[in-house]
Amino acid sequence: MCVVTDEPVVEIWTDGACKGNPGPGGWGALLRANGHEKELFGGEAVTTNNRMELRAVIEALRTLNTPCRVHLHVDSQYVMNGITKWIAGWKRNGWRTASKAPVKNEDLWRELDAEVARHDVHWVWVRGHAGDEGNERADALANRGVDSVR
C-alpha cells in the first residue's frame, strides 16, 4: 500500500468484539490513505475479546504490503499497554510476566511484534463508543465479524 518515504500516513482504526468471553468473536479494521479507504473484518467461533483486539491490529498491519508510516487508533488498553509498555519485558523474560506467569495470547503478541517491526507505527488510544468516527466504523466491522461465524 505504501513506502515510508513516499506516501502519506496510513490511518488505521481497529476493534474487537466478543459475544461471551469466550464465545463467538470478530475483529474489524478501517484503513485510510491517500483518499482511499479499505475495510477488513473476520471472526472466530470460540475466542476472547482480547484475542480479537489483537487480531484486528495484526490483520490491518499485515494488509500493508510495503513499510508504512501508520497512525494506529485502538480503544483497547490491553493492546496499547502490551505493545508500548509490557512487550519488551515479556521478551526479556522469555515471554513471562513480571510474576513469572506465561504471557496470555503469546502467539498473537509474537505476530503483532513482527508486524509492528515492518512499519513506523504511532499508537493512538481512543475511547471506545465515544463518537470517534473511525472507531465506530471499526466496531461495526468487528460485529460483522462476529455475525460471520454465528
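Strand 2 (residues 23-33) is largely enclosed by the rest of the structure, because 9 of its 11 residues are buried, where buried means under 20% relative accessible area with a 1.4 Å probe and protein chains only. Strands here are DSSP runs of E with at least two residues, helices are runs of H or I with at least four, and both are numbered from the N terminus.

The model is predicted: local features need pLDDT of at least 70, side-chain atom pairs count only at pLDDT 80 or more, and totals for chains, interfaces and linings use all residues. Residues are numbered from 1 along each chain as its sequence is written, and side-chain values use heavy atoms, leaving out hydrogens and water.

Strand 2 has two partners, strand 1 and strand 3; two strands pair if DSSP finds at least two bridges between them. With strand 1 (residues 10-18), the pairing is antiparallel over 8 bridges, and Cys18 stands opposite Gly25. The hairpin of strands 1 and 2 leaves 4 residues between them, and Gly20 in this turn has a positive phi of about 100 degrees. Strand 3 (residues 36-47) also runs antiparallel to strand 2, joined by 10 bridges, with Gly23 opposite Thr47. Here the hairpin has 2 residues between the strands, and Asn34 in the turn has a positive phi of about 55 degrees.

In the chain as a whole there are 4 helices and 5 strands, in the order β-β-β-α-β-α-α-β-α from the N terminus. Of its 150 residues, 45% are buried. Among contacts (heavy atoms within 4.5 Å) with a separation of 6 or more, 68% join residues 24 or more positions apart.

Definitions and conventions
Buried < 20%, exposed > 50% of the residue type's maximum accessible area, 1.4 Å probe, protein only.
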